[in-house]
Each structure stands twice: as C-alpha cells, then as structure tokens.
There are 2 protein chains.
Amino acid sequence: MVEEGRSQPLLEEGRSQPLLEEGRSQPLVEEGRSPVTKPRTLNVIGLGPGPDKWLTPEAQQALADVDHVVGYAPYVNRVPQREGLTRHASGNTVEVDRARLALDLAQQGHSVAVVSGGDAGVFGMASAVFEAAADYPDVPVEVLPGVSAVQAVAAKAGAPVGADFAVVSLSDRLKPWPVLEKRLRAIAEADLVLAVYNPASRSRTTQVADLQKLFLEHRSPDTVVVVGRDVGRAEESLTVTTLAELEADTIDMKCLLIVGASSTTVTAAGQVWTPRFVE
Amino acid sequence: MVEEGRSQPLLEEGRSQPLLEEGRSQPLVEEGRSPVTKPRTLNVIGLGPGPDKWLTPEAQQALADVDHVVGYAPYVNRVPQREGLTRHASGNTVEVDRARLALDLAQQGHSVAVVSGGDAGVFGMASAVFEAAADYPDVPVEVLPGVSAVQAVAAKAGAPVGADFAVVSLSDRLKPWPVLEKRLRAIAEADLVLAVYNPASRSRTTQVADLQKLFLEHRSPDTVVVVGRDVGRAEESLTVTTLAELEADTIDMKCLLIVGASSTTVTAAGQVWTPRFVE
C-alpha cells in the first residue's frame, strides 16, 4: 500500500548484470549507438491491495505477457516467477530510479511492466513513471487501473466514502508540511470524508497526531475514524474508533485511515457508512 | 457511471409478480409471518466502469453464485442471463427502493447481489443499501470493491490523480448547492486535484459552468482539465482542455471530469499527470 521507507539499492533477481546482456532475442544496445529495436509501450499496472481476487483480468493478462517486471520488492514478488520473466525488485523510496530502469528496458524493445500495489495512479508508480518519462519521449506509457487500498478498506468497513471525499498522502517527504496542513484544514472545514495514505513510517511518527489535533479544531470528537491495516491480506484488521479516541501512536505504514464526515455513521453491526445526502 | 436521471418504476424482467411466488426452493413468506429461512448476506458489487477486463475475479464469482441481481437497468444488463437468475432492473433515482427490494429478498433467504457501475462505494449503491438496511438489522451486508470510474478515466489520461485529490458528486439532488459550493471552494484553494461525478444531467445543466466560474476565481485559466466520456466502452472519448477553455455545455451525465492541480502537466504525447511532489 505504501511506497515509502528505507532507501535501498536496486536489486535484480536471478540475473547477472548488465541487464541487457542476458542472451535474449532482442538485439543488444551498443554503447554510443541508438537501439535498433523499436521502443515498446511501458505498462504501469496496479495489482490491487493484495489478493488475486482483486487483480483485474486486464492486469492479469498484461503480466502474463511481459518479459520484465519492475517494482518495489513486495509487489514484484506477487508476480509469479516463470520461464522468460525477469523480476527487478527494488527498495522503497527509489521510485524514479525504478521508473528509469523500466523506461530503459522498454526503450530497448523489451516488454516491461511497472507494478504497484493498489491502483498505480493513486500514490503508486504512475506519476513517478511520467516524471522520469520526460527523458524518454519515444517510449509510450500506458496505465492500467486497479482496485485501490482506499476502496478495499472502505468496502471492508461498509461505505465510508459514499459521499464527497478526499484522498491525501500524509508523507511530507515530497511536499512541505504547511502544504499538507492547509489541505487538511480545507478538507476538515468542508466536511469531506478523508482517506489518508502513508500515515506514518519508521522515520515519520508525528503526522497522525498532528492530523488528529488539527481535525479536532474543526470536527466533533465523535467523528468516526476507520483504521484499516493490511486489508486484503491474511493478517488484515479493521478498527472503528473516533477522532478523540484514535491512538495515533499505534498507526504505522501498513495502515490506511478514513476519517468520516460529520454524517458518517456506525451501524448496530459495526459497519461504517456515509449518507449520500446532506440535510 | 452515474445513477441519476428520470425516475422510473421498478421493472422486473422475465418473471411474474409477486417476486416470491416463483416456484423456487426457498419457502414462501406468508403475510404477517416471519420468514422461516435465515436471512442471507446481501452482496453489494461494483462491476467496474464497463468492460469485463475490469471486473474483479471476486465480483465475477459472486455474480455467478447469486439467484437475484438488483440494480439500475444498464448495470443489471451487464450480468448475463442464465438459468436460475432473476434480474431486477430498475430506473434511475430510485436507489433506496432498489435497496429495499434487495434487502427484502435477502431477508427471505434468497441469494442477492446489488450491482453498481464502477465501485459501489463511490457514489454507487453501497450507501443507499446502508440507508435502507437500518430497517433490516438481521440482514448482513457485504460490499465488494471495484475499479471506479475516476480510476478508469485517470488511467486513460495518464496519472492526473497522482497527488492529493478530492472526489465530488456535482449533483445537488441530495445536498444543497451551498454545501457543494463550499466544498468546491475549499478544494480549489487547497490545490487538490478534483474528480467530478455526475457533472450534469437532463435536469441539471448549470453546475459545470458554476464550477468553472468558481475555480477560475482561485486557479489559473491554464489549469488542465480532463473530460472522460463513456470511458471503458466502445464509444469512449477523452478530451484534454483547460479550465478557461472547458465548454461546460458539452458535458452531460456520461462524463467524468478531472480538474488538475496547479502542477498538473500535459506531456508531448498528450498524457496528463500530476507530480507526487510539491516544491
């Protein structure tokens, strides 16, 4: 769900370096010369939040067809190893390096997929690929949608994002906290439901408490909060609490939070939903 | 994508009334008596934005198992007719009636799915089901996530929702316009990307122009706007324009709009993406 954490070097699995001397059928690229093959379309694929039951048939088919899969290790590892497939697993926080590796391969005529958990377009690899792709104008990029983590948590909880909502990454690694604070305040005041990606990590431990404090300035302490952890995996859990009672220090990078609107309700069975209507 | 328009009576397809006298194996419910069968879990299923390539395996399996499918006609019609399946197709704007029909059937022990286009939890049927379910405390409700229309349009365009974003239904059928206006202004000021469901209908023709005018008070006229129409279907189209040049009167209920943030960019190839970072 989250692409953040320790920075690690790119790791290639089961192949010797350099990448393009693997005895494949595509012509090798010689130093100082243009590739003789035509660049291939780079697919950017969202795998959904975990289980195969949420992997779209489109993504399944695309993954069956490619020769290279590039991504953060836990996502690459979800694509089963098979004859002819090279899996390039990288560490976290190296999204643009990862995108460049994939674009290099596609430019050289290889069939490549970049994979993300959830939907690649929602805090996944799609934006990082476009960021790097400015240097590869001859490589077409195609994004295949997937079920996002917020949808999986929402469905598990009931229908908390059934009305107007916002989706925010709480990481200040790529944007200044004052920008985030302004956005959170706007969302709180406008009574939007809020879904929070990347609420915390090993190095970011204060943002959830800051969010909680800020929201309590605008919203009732009874506002419903959903904490989804590892949703879609065997160890998944879902906690329904309130803005006042949320234990910020229990939230880590495996969590996704949904802060309800003022109208968000908990049913007798413990399910959370937000009415479509506003009185 | 949109569940709005003319109100029509509930239509049942290929079955005579009343619903529960169909010669099925479940016991009939007699007037004034409790059902003798145990209520079944009501599944609320997002079919994705159209093509089967975006229907999750989980949804596919659930639809293969149910005896009744309930929903807005264009979505019900996507579930192929088969022996033992009754499809209950209803008109638009009768979401709660539709939910009650499904809850009645599930309470009587039938195996029932309510279907929505896209993700049922994102301006689909999930909230309407919970709204009606207060009167059916013995019927468990389970929501299965799906690829939403905003994700399909975003993927088709590139990665426009690659940073913090909001998702708003522009219909004022269920909430007063001043509430919407406050939300739109907050989103515009906070520089969130905005995805707009239900931008217009036959009876609502002014909201897109109002949105455009409001956003132009806060955002540059060059702000990138994506108009997705029928995305995922044979007749799909995608238009990339700007806030100033958006032709509001060409937008109808088949469209989904994405208004970029200030950083949203168009590539040389015409793809739209929003950087993950804010300087």
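**Chatting about a sheet and a helix**

Q: Hi! What order do the strands take in the open sheet of chain B?
A: The order is β7-β14-β13 in chain B, an open sheet of 3 strands with mixed pairing. Two strands pair if DSSP finds at least two bridges between them.

Q: And which strands stand at the edges?
A: β7 (158-159) and β13 (265-266) of chain B, each with a single partner strand, so one side of each has no neighbour in the sheet.

Q: Before I go on, what should I know about the model?
A: This is a predicted model: local features need pLDDT of at least 70, side-chain atom pairs count only at pLDDT 80 or more, and totals for chains, interfaces and linings use all residues. Residues are numbered from 1 along each chain as its sequence is written, while chains are lettered from A and ligands numbered from 1 in the order in which they are written.

Q: Thanks! In which sense do β13(B) and β14(B) pair?
A: Antiparallel, over 2 bridges. V272(B) in β14(B) is the bridge partner of V266(B).

Q: New topic: how many residues of α4(B) are buried?
A: 8 of its 8 residues (126-133) are buried, with 20 or more other C-beta atoms, placed from the backbone, within 10 Å of their own. Among them are F130(B) and E131(B).

Q: What covers them?
A: The cover includes β7 (158-159) and β14 (272-273) of chain A, together with β2, α3, β5 and β6 of chain B.

Q: How many helices and strands are in chain A?
A: Chain A has 7 helices and 14 strands, which are DSSP runs (helices H or I, at least four residues; strands E, at least two) numbered from the N terminus.

Conventions. A residue is buried if 20 or more other C-beta atoms lie within 10 Å of its own, exposed if 12 or fewer, and partly exposed in between; C-beta atoms are placed from the backbone. Two residues are in contact if their C-beta atoms, placed from the backbone, lie within 7 Å.
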